[in-house]
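Reader: I'd like to learn how to read the contacts between chains in a model like this one. Can you take me through it?

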Amino acid sequence: MLSEGLLDELRGIVGAEDVLWKRADLQTYEYDGYVERSLPDAVVFVESTDEVASVVRLAHRENIPFLPRGCATNLTGATIAVRGGLVIEMARMRRVVEIDLANERMVVESGIYTEEISAILEPLGYYYAPDPSSAKASSIGGNIAENAGGPHCFKYGVTLNHVIGAEVVLPHGEVVWLGGKAVDLPGFDLLGGFIGSEGTFGICTKAVLRILRKAEAIKTLLAIYDSIDDAAKTVTAIVAAGMIPATLEMMDKLAIQAVEDSQALGFPRDAAAVLLIELDGLVDGLEDMAADVLAMCRRNNAREVRAAGSEEERTALWKGRKGAVAAVARLAPNFLLIDGTVPRTKLPDALRKVYEIGDKYDLRIANVAHAGDGNLHPFVLFDSRISADKELAMKAAMEILAACVALGGTITGEHGIGIEKMEAMSILFTENDLRAQQWLKEVFDPVGLCNPGKVLPARVAVGGGAHAA
Amino acid sequence: MPHDVGDVLAELALLAPGAASDGNPQTNVAGLVPAVSVSPTTVSELGQIVGWASRRGLAMAALGGGTKLGIGNPPSRLDLLLDMSAMNSVTEYDSADLVLTAQAGVTIQHLRSMVREDSLVLPLDPQSRDRATIGGVIACADHGPRRRQYGGLRDLVLGLKVVLPDGSLAGFGGRTLKNVAGYDVGRLFVGSLGTMGVIAEATIRLLPVPACEELLLVTVPGLEQGRRLVARILGSVLIPSSLELLSPACVGLLGFDQHLGSSDTESLLLIALEGHPAAVERQVRDISAFCAELDSGTEMVESRRASELGLPVDEAWDTFAGLREKALGNGSCVGLRCTVPLARVWDLAAAAEERSRASSVALSYTMSCGTGYLEAYAAGSPADLRTFAEGVRADAEYREGAMSVLDGWSVLGEEFDAWGGRRTDFGLIRAVKEKFDPQGLMNPGRYLGGL
Amino acid sequence: MGPQPSTTAEGAAAATAPGGVTELLDLYDEVAKCGRCGFCQPTCPVYTATNKEAHVARGKNALFRNLIEGETPLDPDLREAFENCLLCRACTANCFPAVKTDQLVISLRETYGQQLGRPTIQRWIFRRLLPHPRLMSWIIGTMWLGRRLGLAGVAKRLGLLRMINPKLENAMEIREEVPNSFLRTRLKKRASPVKASSGLKVGYWISCGYNYMLPEVGEATVDVLEQNGIEVTVLPNACCGLPVYCYGDIEGARLLAKGNLDKLGDLGQYDYIVSDCGSCSGHLKEYADLLKDDPEYAERATALLGKVRAFSELMHALGVSVPLGELPATVTYHDPCHLGARYQGIVSQPRELIRSVPGVDYRELREADWCCGAAGSYNFMHNDISMKILDRKTENVEKSGADVLVTECPSCIMQLSLGAKRRGLPTRVLSVSQLLQEAEQAAPPAGTEATTTAPENESPGP
């Protein structure tokens, strides 16, 4: 509980209507896309960097934990106030500060929807490449905190590769710029460390984005397979032929069935895998490359291939993939979406492990994967009202992550650690690794007030620096 | 050196018997010669040595190919040189997965050749490839002309294994393209100049060899035409892999003028084109058309293919990769690296030319016009060079960029700050240094703010 | 197969805590589907205006679930959440498991009203006024007289309106002028209904919105129907009951529905029941569901469902048989929530009707089905948010460059007109029927063109 005096001070910074403190209001801020909940002490709506800095200074002065919140679409508990304190709602800071086409840069406030950025650039012939599936409902600030990915990572990279500057309010209230419009500015790449720090290093208020000229042409293809291995071999063949497709998305049998049941796209219900492939670039040679890819699909036993000849047809081919989450969501009241990533060539092995684990716990698991970069998305279906169900799902999740690491991969490709995978960190990292990560955290937030209780498990040594070995 | 060299050598021999050591190394690190050098052969040996050295309070620096020893300020101390040349094996290489992991001492050229055999490309093309090591390239954030296509080191380094100043081993990232587990400490090591620890191993992403590679050599009479041409290209849908401008002096230094028959006032733009043959051809045509648009009587902008000029593409880039060494050995005694928002690099170059004339400094330079880099080589008297460098630094910073010294700090004088004006994040940079290297033993004094 | 997800309320009841609001239990399965993904946020007009979680589906679902599970008490603090909903269903349309948040909101409004009571004036309006069109006409007529005489203006300046309820001032601002006679009266006064040349007989449903605020629209609708050879009988209906239903007085809505079915009498005398108000036509189609458990009225409500047509729906199906003249104008269309994709699914028909008018340059409105923010009485109960929502809509109208904005709902017409006025746009806002009427009137008189007229067409030209 915050004292009335502190609430008044907050009201003085942002205005009385922009401070929420009633229990019913706070209960709408105790959750995000993850399954846990924790009540904050107050929610503050900010509309400028100054306001953010003032609120953070107050929190720092009073030793109150705080965290930045964009749209809270993350799946790992990144925006849950596990230790109470202030939730600083950034969604109203969404202005476009500058569009600088000559320098291929755009500066925006961090609360803007990611998809809105590309929508604004579209008529100018440019776009912002990272397109996480949540792009229309998530903020760029949130994307930065999570180092979000999406279906175009294999060719274009992740958020880290497209954000080259950020205005950040540090956890004691100082405002700094990390990076800027120029690349490789001298000094440690603090921005590289800040991106993906899940809102625990400070609050990003503005971002400088690298923007790209839109590709001249796009060719979209779809192939249906009777075995996941054949689909995976096709991906390998495409890469071996020297092509880096813009998209390589895979869906497995349960996902296909769910999609077919909800959308009737003519997918055979007994198909084992569907591969969605997109090539982009100059129009010259694109048809050629597409023909090559289709040939590769057939050589790898694709049951059926489809190619889009128009924008409408392209939309039709994407419908299944875009509707996959919706379709799978109707199979059960809830799902746990897992984010393990393995080396691309190990994808079929990883999927086999997932099925094994699903059988072991008697759980249905549908799979969508970013086949180009080995990022799996198993959807473990359950009912969150039944706690035994939920526990089983979480156990299965842990085992899947361990299996991914055993195959040379990682426990999270896009979604982050948050609360969800804190305990899994030691599957991947040694004590020394975690200690170095703790040092970086302490550089930004020595007191530990910025979004505490996330990412690093509690038992990692706190405080101090490098000790003589 | 706080201890007797003989004692040190003896202890090293006990600690790491496999590692050769030298009590009289000849290597000059920005003006300072260390007392002892040692060549660890394994990561754990490196860890042991660093741990021991930090207990002994010895200041250390890692040596790769020795191609960039002049970067930054001179070290405030240097006792022990960690010669990484014996850590030169490729730990893991998966051509199907497009990933390789190599120890820090492997040269870029070795990696390029190795993956080429599998029709893959190492997406790094820095200067002096035959000697520059992967560890050094990462520590110095040394990119090449095809950065625009390949991406920067921030995008290419998938994982790092480092030895921290206290000798402990830590791993960051991994070998997958996507990895957001934990805090990405490894990113800070890129460009850190070894001041946070020693890079022991790096995992790099690879790319497939393109179906077709072409190189256009475009002679450009002046910066203004160059700027217009590049702006035209960047505003189109074309996807050049490089847009590297060489000043006339650099053109001459590399001998390209002879292939081109160009005059000594013409600059040269190297435009690499990669991809499907039809796409490459289309770009060649379009760029020729853009050049024709810019022609105005006597001032011709001419685009020619390297193959037409009897210059194989690989050879052209190999020649280019020797430029820095040639330039800095050719009487230029100062090398400066600038980065600015990419469209402003032309102004920066024009301003630098103006300043060089005003301060009687001989200037040659290259620019990555699609990235915003300008690398300048200057010759002249120390006082003139100092005026010149201060001016260029002001120009770069005015354009929201920065300049740092690549080589020749001693010429510029003790007071010259090799890294320029401090930005708002300097407090954090200092805090990182203090956290990771509280004793200040890793390459001390060389980095920003004398860290 | 694993533990089966609970699909029965009994199964779910085992999971609820004591102290939970059990009246909401039948929707527990519905709300449990919410995975809190947050994709409802960018589609919600209210959330887009305020960025408050309680204003978006995910927040409402969370509170609803808390109520069932005993984590949140049923108290006035919840009003912020359930009052700020337009019931536009944009959230459901974009929701992965298609959670019907609008049903949760109405159910909560019902339970809240039952357990914590309703304002007296609300109860009186819903139960005593709306079912009695003549009383309602009398009261509103008096109020309008007062407005036209400037009394309301005086009351406003004296702050009297604000004393009664601050929202009354907002209500006044929605519309400047009020009509001097109501639609029902005007239709009674028109020339006797024309004999149908098409053989079709329709019962025309009078919407309160057109009746009391925009009678000219209803007149245009009846005119167009008659011009097209349809015999129109004005129905003796009362308020369809949508506002009552939306406020959660389900019982009151049922009473109105039954009363209206009684008033309509034998439906067999009509081929169709037509309404030019998207809300009325939509809600009439819901009577069957509303009364499905009523042994006396269920069948009649189902019969009604078979007969109800929205105006655009009917005209599009029949085809316009009267020649249309040229209307050179740039025209765009706004989908009323209750007519469009998320309710009745009538999307292409109004557009095709508009495009069939010669000379019209049709432009698709950006975010055409984004709610205008009126939502019945939302625009004066929560005026500041409503205006923010309206501003977004008006910006899109401006971007379309349209001279004329067409729609099919009186609330929308008034709200959109206000929006144009606020932004200083010259755009006219018309109903589909008004557009068709203008086109019919622009046609050259019969005899001057070589138009074929059917022999039995006795109607004189305009």
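Reader: Let's start with polar contacts: how many residue pairs does the rule find across the interface of chain A and chain C?

Author: A polar contact is a pair of N or O atoms within 3.5 Å; within protein, one must be able to donate a hydrogen and the other to accept it, and residues adjacent in sequence count only if both atoms are side-chain atoms. Across the interface of chain A and chain C, 19 residue pairs qualify, both residues at pLDDT 80 or more. Helix 2 (23–26) and helix 12 (324–329) of chain A each give at least two residues to the side of chain A that touches chain C; helices (H or I, at least four residues) and strands (E, at least two) are DSSP runs, numbered from the N terminus. That side divides into 18 nonpolar, 8 polar and 17 charged residues. Here Ala, Val, Leu, Ile, Met, Phe, Trp, Tyr, Cys and Pro count as nonpolar, Asp, Glu, Lys and Arg as charged, and the others, Gly among them, as polar.

Reader: Before we go on, what are the ground rules?

Author: This is a predicted model, where local features need pLDDT of at least 70 and side-chain atom pairs count only at pLDDT 80 or more, while totals for chains, interfaces and linings use all residues. Residues are numbered from 1 along each chain as its sequence is written, chains are lettered from A and ligands numbered from 1 in the order in which they are written, and side-chain values use heavy atoms, with hydrogens and water left out.

Reader: How many salt bridges are counted between chain A and chain C?

Author: A salt bridge is a side-chain nitrogen of Lys or Arg within 4 Å of a carboxyl oxygen of Asp or Glu. The count between chain A and chain C is 4. Lys22(A) and Asp77(C) form a salt bridge, at 3.6 Å from N to O.

Reader: What about area?

Author: The size of an interface is often given as the accessible area lost when the parts come together. Buried area is that loss (1.4 Å probe), summed over both parts. Chain A and chain C bury about 3400 Å², with carbon and sulfur atoms giving 51%. The contact (heavy atoms within 4.5 Å) takes 43 residues from chain A and 43 residues from chain C.

Reader: Which of the 2 touching pairs of chains has the most contacts?

Author: That's chains A and B. Chain B and chain A bury about 6800 Å², 60% of it on carbon and sulfur atoms. Arg154(B), Lys178(B) and Tyr183(B) supply 14% of the area that chain B buries against chain A, more than any other three residues. This contact draws 74 residues from chain B and 93 residues from chain A. Chain B and chain C don't touch, and their nearest C-alpha atoms are 20 Å apart.

Reader: And the polar side of the A and B interface?

Author: The rule finds 9 salt bridges across it. One of the pairs is Glu104(A) with Arg148(B), whose closest N and O atoms are 2.9 Å apart. Helix 17 of chain B gives the largest share of the side of chain B that touches chain A, 7 residues. That side holds 37 nonpolar, 16 polar and 21 charged residues.

Reader: Where is Glu266(B) found?

Author: Glu266(B) sits in the loop between helix 10 (256–260) and strand 14 (267–275) of chain B. Leaving aside neighbours within four places in sequence, its contacts include Thr219(B), Pro248(B) and Met300(B).

Key: Buried area is the accessible area (1.4 Å probe) that two parts lose on being put together, summed over both.
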